[in-house]
Amino acid sequence: MTANDLLAAVILNPHDIRRASLADAVADHLVELPNLDLRGGEVERDQWGLPWRVRCTMGAWCGEACEQCEGLGIYHRLMVMFDEPCLKCHGTGRIPGIAATVCGAWPVAEVEFSDVKPNKSYLGCWQLWNDSTTAGEFPENGDVDKLLFDLITEGKRATSFRFIDFATESAALAALSHAALTFGRRAAGLPDLQGAAKSEPSRWLKAIMP
Ligand SMILES: [Zn+2]
């Protein structure tokens with residue numbers, strides 16, 4: 001197996017036990033992991049020095065509305081619309097995130113958003129909200145981009161599909177990390193990671209939400 005095959009295998013499955021061998025190959029300059037622009041985010045490395053967790057804003061990861069044209073894709077000024085497409089976003093209205101680039105080049109296994117914090121409900125659950133339905137309804141930071149919200153597979157989804165309940169804050173964050181990886185890996189043409197983030201619902205949550 002060549003060093004590049006090894007890199008591909010570990011990117012395919014970041015939990016591959018051959019991470020240590022890959023780290024050796026990187027140290028011996030047999031294969032190079034590219035430096036990536038994390039848009040102000042940071043990377044945490046594993047015991048062998050390989051990228052393991054990326055911490056950045058949600059917008060940096062999955063993309064966000066273009067600031068230049070406020071998501072319109074065309075320039076506007078003083079209530080006058082111009083037909084020329086925005087140069088910054090090439091008329092798409094959205095600045096793509098780093099998710100696909102990172103997942104395709106680095107064997108990352110976790111993503112942490114610096115600007116998302118699950119809301120604690122008055123019933124004691126930890127909630128992630130679909131940001132396309134809340135319109136800033138909540139002052140806390142549990143709003144999640146709809147693109148990611150739809151990829152969350154764990155937790156107890158409200159019948160309104162507006163939020164998802166978790167027994168603990170760490171379970172909510174693990175589910176969000178998993179969705180972020182699914183988003184990036186699909187965009188990079190990689191298969192989903194096997195084994196969703198595991199969370200054990202509390203006895204209380206089991207009692208009220210069977
Ligand atoms: Zn734009």
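1. Let's start with a cut-off we'll need: a residue counts as buried if 20 or more other C-beta atoms lie within 10 Å of its own, as exposed if 12 or fewer do, and as partly exposed in between. You'll find E70 in the loop between β3 (64–65) and β4 (74–77). Keep in mind that what we're looking at is a predicted model.

2. E70 has something else worth a look. Most residues other than glycine have a negative phi. The phi of E70, though, is positive, near 55 degrees, and E70 is not a glycine. H29 is another such case: its phi is near 60 degrees, again a positive value in a residue other than glycine. H29 sits in the loop between α2 and β1 (42–45). Its count is 8 C-beta neighbours inside 10 Å, so H29 is exposed too.

3. Now for the whole chain. It has 8 helices and 12 strands, and 31% of its 210 residues are buried. Take the contacts between residues at least 6 apart in sequence: 57% of them join residues at least 24 apart.

4. Two packed helices are described by the angle between their axes and the distance between the axes.

5. Which residues of α1 and α2 meet? From α1 come A3, L6, L7 and V10, and from α2 come R19, S21, L22 and A25. Sorted by class, this contact has 6 nonpolar, 1 polar and 1 charged residues.

6. Which residues in α1 are buried? They are L6, L7, V10 and I11. Looking down the axis of α1, you'd see these buried residues within an arc of 130 degrees, so they line one face of the helix. The buried residues of α1 pack against α2, while the face turned away from the buried side carries the exposed N4 and D5.

7. One last stop: S170, in helix α7 (residues 169–187). S170 has 13 C-beta neighbours inside 10 Å, so it counts as partly exposed. S170 and P118 are 52 residues apart in sequence, yet 9.1 Å apart in space, C-alpha to C-alpha.

How values were computed
Residues numbered from 1 in each chain as written. Predicted model: local features only at pLDDT ≥ 70, side-chain atom pairs only at ≥ 80, totals over all residues. Contact = placed C-beta atoms within 7 Å. Helix = DSSP H or I, 4+ residues; strand = E, 2+ residues; numbered from the N terminus. Nonpolar A, V, L, I, M, F, W, Y, C, P; charged D, E, K, R; others polar. Arc of directions from axis to C-beta.
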